[in-house]
Amino acid sequence: MEGGSHPNIKYDWYQSDSHVVINILVKKVKPENVRLDIVDTKLSCTAKLEDGTDFTLDLHLAHSVIANQITHKVFPSKIEVKLKKSECLMWEKLARKPSEKEEPILKTADVVKTYPSSKPQKKDWDKIAEEIKKEEADEKLEGEAALNQLFQKIYSDGSDETRKAMNKSFLESGGTVLSTSWNEVGSKKIDVKPPDGMEFKKWD
């Protein structure tokens, strides 16, 4: 532990989010004989010991504290010094060597800044819609989808008679017959032809 003019003086410390507390382990010191000074991050505690000798404990704090909010209490076995942190962050150590610079504290704002800046990208919904259409057109249609596409192509490319035949046969048969020949379906009613093994029932 660091000491001043009296090499036997020891201290320990602990911290909360907002304060650092240093316990200087000396016995039977009178409160009126204790003096505390702080300049920037240098803390000095001077006191007269029971045997009449003086001691000074100089600490170069690892981080800054609020100078006008230092308090101390004198107990039979120690001097308790309470320091208010300038910033409510945890210290990795209490003191540093005089030649060392004050340790930088990484603030929350700094952490945020270290992430890559990303602006929200504007989506071109028209372009996305075109891409989806292209993908759908490129897909290999199977089963009913392929059949429906085939019927749609026949219907759109067919003559008026072909379209009439398809409409009449499909509607009259309840969707079970689809004919493209008007000669076959134009003069008669198309009966329902359910798949093998099934029967057609009308709802009442």
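Author: A residue is called buried when its relative accessible area is under 20%, exposed when that value is over 50%, and partly exposed in between, with a 1.4 Å probe and protein chains only as cover. By this scale aspartate 37 is partly exposed, because its relative accessibility is 32%. This is a predicted model, in which local features need pLDDT of at least 70 and side-chain atom pairs count only at pLDDT 80 or more, while totals for chains, interfaces and linings use all residues. Residues are numbered from 1 along each chain as its sequence is written, and side-chain values use heavy atoms, with hydrogens and water left out.

Reader: How many helices and strands does the protein have, and what pattern do they follow along the sequence?

Author: Helices (H or I, at least four residues) and strands (E, at least two) are DSSP runs, numbered from the N terminus. In this protein there are eight strands and five helices, and reading along the sequence gives β-β-β-β-β-β-β-β-α-α-α-α-α. Of its 204 residues, 23% count as buried. If a contact means heavy atoms within 4.5 Å, then among contacts between residues at least 6 apart in sequence, 45% join residues at least 24 apart.

Reader: Which residues does aspartate 37 meet in a salt bridge, and how many salt bridges does the structure hold?

Author: A salt bridge is a side-chain nitrogen of Lys or Arg within 4 Å of a carboxyl oxygen of Asp or Glu. The structure holds three of them. In one, the side chain of aspartate 37 meets that of arginine 35, at 2.9 Å from N to O; arginine 35 counts as exposed because its relative accessibility is 54%. Another joins aspartate 54 to lysine 48, whose closest N and O atoms are 3.3 Å apart, and here both partners are partly exposed, aspartate 54 at 42% and lysine 48 at 37%.

Reader: Where in the chain do lysine 28 and glutamate 50 lie?

Author: Lysine 28 forms a salt bridge with glutamate 50, with 3.8 Å between the closest N and O atoms. The pair links distant parts of the chain, since lysine 28 is in the loop between β2 and β3 and glutamate 50 is in the loop between β4 and β5, 22 residues apart. Lysine 28 is exposed at 56% relative accessibility, and glutamate 50 is exposed with a relative accessible area of 56%. Lysine 28 also has a phi near 55 degrees, a positive value in a residue other than glycine.

Reader: What is the loop in which threonine 41 is found, and is this residue buried or exposed?

Author: Threonine 41 is found in the loop between β3 (34-39) and β4 (42-48), and with a relative accessible area of 9% it counts as buried. Aspartate 40 is found in the loop between β3 and β4 as well, but this residue is exposed, at 68% relative accessibility, and its phi is near 55 degrees, a positive value in a residue other than glycine.

Reader: Which side chain does threonine 41 join in a polar contact?

Author: A polar contact is a pair of N or O atoms within 3.5 Å; within protein, one must be able to donate a hydrogen and the other to accept it, and residues adjacent in sequence count only if both atoms are side-chain atoms. The side chain of threonine 41 is joined to that of arginine 96 by such a contact of 2.6 Å. Another links the side chains of aspartate 51 and threonine 53, at 2.6 Å; aspartate 51 lies in the loop between β4 and β5 (54-61) and is exposed, with a relative accessible area of 56%.

Reader: What span should α4 have, and how far apart are its end C-alpha atoms?

Author: The expected span of a helix is 1.5 Å times one less than its number of residues. The 13 residues of α4 should therefore span 18 Å, and the end C-alpha atoms are 18 Å apart, which agrees. In α4, the buried residues are Thr162, Ala165, Met166, Lys168 and Ser169. Just after α4, glycine 174 takes a positive phi of about 65 degrees.

Reader: Which residues form the nonpolar patch on the surface?

Author: Patches are made of residues with over 30% relative accessible area and no salt bridge, where like charges are joined within 9 Å and nonpolar side chains (Val, Leu, Ile, Met, Phe, Trp, Tyr) within 5 Å. Here Phe151, Ile154, Phe170, Leu171 and Leu178 form a nonpolar surface patch with about 430 Å² of accessible area together, and the elements that give two or more residues to this patch are α3 (143-157) and α4 (160-172). Leucine 178 is placed in the loop between α4 and α5 (182-185) and is partly exposed, at 33% relative accessibility.

Methods. Accessible areas come from the Shrake-Rupley method with a 1.4 Å probe; for residues, only the protein chains shown count as cover.
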